[in-house]
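Please keep the sequence and the model in view while reading.

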Amino acid sequence: MKIRDIVLTSVAVLFFTASISASTIAHTWVSGSGSDANACTFASPCATFAGALAKTSAGGLITAKDAGDFGTVNISQSVTIDGSNLGSITSTSTIIIIITGTGNVTLQNLTINGLGTATDGIDVTSGGIVTVDNCRIMNIKTIGISLAGTGNLTVENSRIESLSETNAYGIYVDSNAAENVVVRDTVIDASPISAINFGFYVDSGTGPVQASLQNVTIMGAGGYAVYSGGGVTEFTSSVFTQSNYGVVAENGSTISVASSLITANTTGVCSEASSKIRLDNNDIYDNTTAIDNCGGIVKTSGTNKVSGTIAIPAADISESVTF
Amino acid sequence: MKIRNIVLASAAVLFCTASISATTIAHTWVSGSGSDSNACTFASPCLTFAGALAKTSAGGMITAKDAGDFGAVTITQSVTIDGNNLGSITFTSVDGILITASANVTVQNLTINGLGSGGDYGIYAESGGILIVDNCRIMNINEGIYFAGAGNLTVENSRIESIIGGYDGIFLSANGAENVVVRNTVIDASPVSAGNSGFYVSSGTGPFQASLQNVTIMGAGAHAVLANSGTTQITGSVLTQSNYGVLATNGAMISVASSLITANTTGVCSNASSKIRLDNNDIYDNPTAIGNCGGIVKTSTTNKVSGTIAIPASDVSESVTF
């Protein structure tokens, strides 16, 4: 190569590099055989979500073109990340996905594996609108999905399992802002019960927090399958099982449970002082204590079926049948 | 090549081989065009789950990079196996996945096919532990999933079908503290002539506990659900086209709520010293809706029943048969 050619090539490379870093495209791609030096187009995919995100327009889409382990990512813009049921992230980093903006972020069709070392799976630090659909989050030390900040979190068709550390949480809502949460068709497996873990946990913040959960199964919690320390939470068509406590309200919170199965917990339902739990049309079986007297209010509709000890005052129970 | 170069190259190969066998990595890969002499990295994938497992750290993950038949595997450590909706295991005369350690194992997005030729169990956890089976299709096997020993079994979004005669969809030994959750899963034990059971709880030492949600079990020539011990709760489910829908025996307790029990020879039966609770179910078109088998059947007033109720009238709260 002549010196003149080398100079021209170098200039071309410099120009090309500059143009990549300056421009973004709406739909970027990652591939297990990609390179972050690429433009992240379908024809020339990147290797990591982080690499692709830098080349994705705000509100754009990153799609896995084929299988790959696409690495941790810090998201500060609106974006959809689609693992295409092919992509995974394995990482021992502290937090695998951090969402720091207040944008609109969707994560779908992705396996997130903390290898027993990562502390958190998905941390939403500033609210926004965050949707997690068809994701499997596993081998996390402390928190599967954490929500902080004003916004909406939706989790559906997902599984959170293998929380490896005591005092871990499947889904943690910090409750220090206007936080709206919907969870459906999702399993939170907090087992083994010997770890004092929590399935769905709303902390005691300034709020207001509202959560609606449908067709959710939470099991294996050595702490509480469900705990709320603030706001209002409603469940329907769900299962709370094989935990120390099934449903616990504290600190002025209200939890409503309808058409659900609360079973095989040491204590099924417990409402602490100044808190309230509504029970309608549930099957509450085979808990050592079905409804404990924890000092708060438990309202029952008359349509629950209950076996086991009911420790709250008889005047508070509408049910005539224990079963 | 000069002799010196050959020697160096050989030394390099030896060193490379030694280093591969000595080290493991957290995330390994298999490919239909891989080789087990590879390092099982994404760039250099292995060919079989067994080959990859040997190079996977405890608690790590094996992922299918593309389609392939990755072979039966014996698991002795915590691991996640992800077929990525691309991978399958076909096998005969062995178990598809045999888990010998009390470990934390997840199997997801995988087809497991025993080819109906004496292939043993689809997944056999012989020492308990934590086993999660998500989005798997298990077929042409003896037992679909066999779980024995203290631990937790979770099965979701899965299908178990084509069970060889005389076996079960999911078999629980109940020997040790076994906690089981099954949801969004179909167990097809058909044909009825095969005499299979769908969900079978053995008479172990326990304590045994199972919660089933949104499960369909059909075609069982023996029992759609049979519990010989422990407590089992079923909600939002369908038990159909079987000899027995639900049978509790040997002191077991089964609760069925908001479910459909239909088109079985006998819908519900509780043998002596056992108990079944029925709440808000639809129990139709079984020749015998509730058989009198000597145990307790408690009904709320919200079941709808057609067909014969053979238990004493005083034990039935329902005023409507329809």
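Two strands pair if DSSP finds at least two bridges between them. Helices (H or I, at least four residues) and strands (E, at least two) are themselves DSSP runs, numbered from the N terminus. The model is a predicted one, in which local features need pLDDT of at least 70 and side-chain atom pairs count only at pLDDT 80 or more, whereas totals for chains, interfaces and linings use all residues. Residues are numbered from 1 along each chain as its sequence is written, and chains are lettered from A and ligands numbered from 1 in the order in which they are written.

Chain A contains two helices and 29 strands. Its C-alpha atoms fill a box of roughly 95 × 30 × 25 Å along the principal axes. A residue is termed buried if 20 or more other C-beta atoms lie within 10 Å of its own, exposed if 12 or fewer do, and partly exposed in between, with C-beta atoms placed from the backbone. By this criterion, 56% of the 323 residues of chain A are buried. Two residues are in contact if their C-beta atoms, likewise placed from the backbone, lie within 7 Å. Of the contacts in chain A between residues at least 6 apart in sequence, 44% join residues at least 24 apart.

Chain A also meets chain B, in a contact that takes 38 residues from chain A and 39 residues from chain B. On the chain B side, these residues divide into eight nonpolar, 22 polar and nine charged. Here Ala, Val, Leu, Ile, Met, Phe, Trp, Tyr, Cys and Pro count as nonpolar, Asp, Glu, Lys and Arg as charged, and the others, Gly among them, as polar.

Within chain A, 11 strands form an open sheet with parallel pairing, in the order β4-β6-β8-β10-β13-β15-β17-β20-β23-β26-β29. Strands β4 (73–75) and β29 (309–310) of chain A stand at its edges with a single partner strand each, so one side of each lacks a neighbour in the sheet. Part of this order is the parallel pair of β15 (residues 198–202) and β17 (residues 224–228) of chain A, joined over three bridges; there, Phe200(A) stands opposite Val226(A) of β17(A).

Further along the order lies β23 (residues 267–271) of chain A, which is largely enclosed by the rest of the structure because five of its five residues are buried. Strand β20 (residues 245–249) of chain A pairs with β23(A) in the parallel sense over four bridges, and Val247(A) has Val269(A) as its bridge partner in β23(A). β23(A) also pairs with β26 (residues 289–291) of chain A, again in the parallel sense, over two bridges. In β26(A), Thr289(A) stands opposite Thr267(A).

Strand β24 (residues 276–280) of chain A has two contrasting faces: Ile277(A) and Leu279(A) form the covered one, and Lys276(A), Arg278(A) and Asp280(A) the uncovered one. It pairs in the parallel sense with β21 (residues 254–258) of chain A over five bridges, where Leu279(A) of β24(A) is opposite Val257(A). A parallel pairing over four bridges links β24(A) to β27 (residues 297–300) of chain A, and Lys276(A) stands opposite Ile297(A) in β27(A).

The loop between β26 and β27 of chain A includes Asn293(A). Asn293(A) counts as partly exposed because it has 15 C-beta neighbours inside 10 Å. Its C-alpha atom is separated by 6.6 Å from that of Cys270(A), 23 residues apart along the chain. Leaving aside neighbours within four places in sequence, Asn293(A) is in contact with Ala311(A) and Ile312(A).
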